Amino acid sequence: MKNYTLWYFLFSTLLAARVQAQVVFRHVTHASNTTDHITRLDHPQLNGNPNALVFIMPNYNKNGAESTGADYQQNAGVFYSGGRWAIFNQNTEAPMPVNLTFNMLIAPAGNSNYFSITCTQNSKTGLAPNGMVIDHPATNNKPNALLMITQNWSGTYNDNSQVLSYANGKWYIANNKYLSPDPAISAKSTMPIGARFNVMVIENGQVPGFLNGIAYLHTVTEANRYEQGYHITYLDQPKLNSNTDAIVFATPNWGWSPGGTVGQTSGPYNDSPINAWYDHPNDIWNYRNGFWSIFNSDGTPFPVGCKINVLAFPSSATASNNTFHLAQHLATRANSNDTSTVLDDPLLNGKPNALVIASPVWQENGDDNVVYPYVVRYNGERWTIQTLLNNPFFNVTQRVRFNILTYQGPGDSNYVHTVTPANRIGNYTILNHPALNRNPDAVVLVTQRYNTVNNHHVGVWYRNGRWVILNLDRASMPVGTQFNVMVTKKGVKGDNQAGSVALVHTHTNSGQLGGVLGAYTKIDHPKLNYIPDYYAFATQRWTGAYNPHGFNVWYDVPGDAYPYRDNHWLIYNGANAPMPVNTSFNFVAFGKINTDRPSSLPALCFDRLPTQKSFDQNPQTAPGQFWKNGQTLRILIDQNYPKASAQVQQYIQEWQQYVNLKFDFVAAEPADIRVAFQANQGDWSWSGSAASTQNPSMNLGSVSETTEAAVLRPLVLRLFAQVLGAVHEHQHPAVGIPWDVEATNRYYAGPPNFWSPLEVGHNILVRYERSRSQFTLQDPRSILRFGVPNELTLGDVAILPNEKITESDIHFMRSIYPAATGTGATPKLRLSIETGTEDLRVSSQARLLVRMKNSTERIEFPLNRGASWGPETSQTQEIILPAGTSAKDVLGCTLHFFGGLPYSLAPEDSWTINGFQLNWVDVNGSITSLAALKGNPLAKLTTNGPTVYTLYFTKP
């Protein structure tokens, strides 16, 4: 018996896993995270990640704000213990100050320009006692490289600051104070065996793994050295000047010797601990307002001519200020008072320039309703949500929940709007932004930002080509009021926010729930219904109806105490005030898996089972995103590895014989598919025709000229199958892998994935729904089969990866890209369905189950895939069968109708069909009728009828 295929192809856009971001942020010491000489870090990319490479820099400003923080006169390092990273004083007798800020950088995983090095006897040979050599390919023979270092505790303390130098083709690290006339200080500078350093290597000013870093060699001059005390040197960089939110790192550099003699460098050096500082115009110093600086914390003057390696980020954004972060905040008495609640989020703390969008959400019994207007406010250390004029934050219970959307600063789709006399007219203020102007389809979210008190509920309104924010109770809009504004467009995926659903909802009579539930309005959308796992946000959109009330969003979970509109999202007025008909809302929902990723990227899905140390990225294709049958695909392969490139071309060509596509290997652009060998960036490929918009479309990060064919061939076959539109098998609806959930969560929480349990569930454990994919019988030998280690399963279950294309792989690929009519073409079933006076509603399902000769299982084909079929229409679907199938091989077909997900009839579902026709279409295009039925109606689904109505027929 032959199985027909392992593969199945998604016909809906799936929510995706978080893209691992490269992160810079600030850490502030306070009583809750600091004990003795240690302050503990709390960050999702650090927690549970002992292999992280962390870099730190003391920052005198408290969170970069105008308030002063603390001088740091100690020598610091980082260490990992108990699942958490921490910063510690090398002098363990010195307590760690509170209100101290550290600038933090987490290195991208797998990048060879970041590494750690430990002092050994060999690394000290021939050097002064205070030095060690850095012997590493990333630094050797690179005198112009800029290095950053941070001590990483390995059990050995080294209570010294350091300076870098270069000679004889190598870089060196030296402890300061070796030349001190005090013998005790000089002796203390000896570099101890076991001292370990994290090292970052920057070449040509390009910070590896970051898009917005600024790196350069700063030289102290009389002009940039503060004239009183000389212990401060100012950085004059256009992207840093007047920028309180910048993140600055620095490491002293002694220079390098033209003569190549160790210790004989080209100039003076600084041998004191250094801090970063921003001279805020509103602080008490006023030395050089608006400039960042480096200063010696012990007050020692900087020698003129000494050099400092400087790395700075204009803001804490990982790539751009279009990057967003999603979270949910639960306000309780533990983190709130009568009028406000504190948002304690490591990705938000210490970021006064962040843009925060907050939307109240009701999730479970005990949650309270938001009644009064609220604002977001930065308190000098953290962001808060608070009511105005001492209105109570809590209403009835002591628990309020908010969905939080955060941007690191203004970007292409988000900004801060300030009300001025020029843009205010009565109760509204006119917005002016390129993404908004003359864009009536914009979906705008706003949250008031504390500045001037405006104790009114607000909405947005489009008039005369411009958007405005208005007070919904028609009160005058105060000058000085500020709003955080975010904009996207209507659609199933917001143009600027990947993975989102953006829509405009208008409350109509049909949406009212009636009686005491008149405050509620139901949202009906195929991408939202039956899916609770969204971060949902809403802003009123004025279209003529005033609704001056606070409101909550809510997903009605079946089985809860409120059976109003199960499996739907709703919006309701918090004080239960009636919802006026024609009240409109901008509504944006983000999948809960899609957090912390640059919004310029489309939704990504990492390939689920890493092979060796690589991992794949596999964005699922949306409906219809296969390549056009018969298309010529121009394929450009990087020639950095000539031998490997030739092998890759050879293995890609193996698919040519099984698909009605032509592969044209080109030497230059334009290309449809671009294959790269970007080292340490993983093995992955884009899926389907989406690959044509990406560069690279497919990456072989583990491949080099020495990669063996036995490893390279199955890797290329698998990844190029994804380029042709395939997805992986371990989440096939029929697969039943006995996962050890705890072990799997623990494994994927580490590098390179750093997944949360929710993401592990989505990417590994949860199988695709039958109604959302096309699939046939399972073939455990398919090339798409990834290995599953025994350690991740219950019992003695291990699955080996497959290395060959199987017959079922070939048959199914030919069914996706069938040959033209004639030799090599594949047969089809053509099913036509006539609907009656009642349509097939959204979320209902129609499926055809086909039983084939010599098979004990049926092949399932989704027909409408949850889409609505209108009344009195004809719907025709073609089902492509494996090559070589004859009409005699089709033993029977079963047509299944289901109501709403999950396969139970939704109350509002009612559908009638008046007939159907099933035809056989052979490879030459000839048509044979297999079955036909007519009726008026032939079948009907109602709330009183069966949940599943099956029509069975066999060929005559």
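Residues are counted from 1 along each chain as its sequence is written. In this predicted model, local features need pLDDT of at least 70, side-chain atom pairs count only at pLDDT 80 or more, and totals for chains, interfaces and linings use all residues, while side-chain values use heavy atoms, leaving out hydrogens and water.

**View 1. The largest nonpolar core holds 39 residues.** A nonpolar core here is a set of buried Ala, Val, Leu, Ile, Met, Phe, Trp, Tyr and Cys residues joined through side-chain atoms within 4.5 Å; buried means under 20% relative accessible area, exposed over 50%, partly exposed in between (1.4 Å probe, protein chains only). Among those with the most contacts inside this core are Trp655, Phe663 and Phe720. Helices (H or I, at least four residues) and strands (E, at least two) are DSSP runs, numbered from the N terminus. Elements giving two or more residues to the core include β40 (632-637) and α4 (709-723), and α4 supplies the largest share, 8 residues.

**View 2. Here we zoom in on Phe663 and the residues it touches.** With contact meaning heavy atoms within 4.5 Å, and residues up to four places away in sequence not counted, Phe663 meets Leu633, Ile635, Ile652, Gln653, Trp655, Gln656 and Phe720.

**View 3. An open sheet is built from 4 strands.** The order is β3-β4-β7-β6, with antiparallel pairing; strands pair if DSSP finds at least two bridges between them. β3 (34-35) and β6 (76-81) sit at the edges with a single partner strand each, so one side of each has no neighbour in the sheet. Thr34 stands opposite Thr39 in β4.
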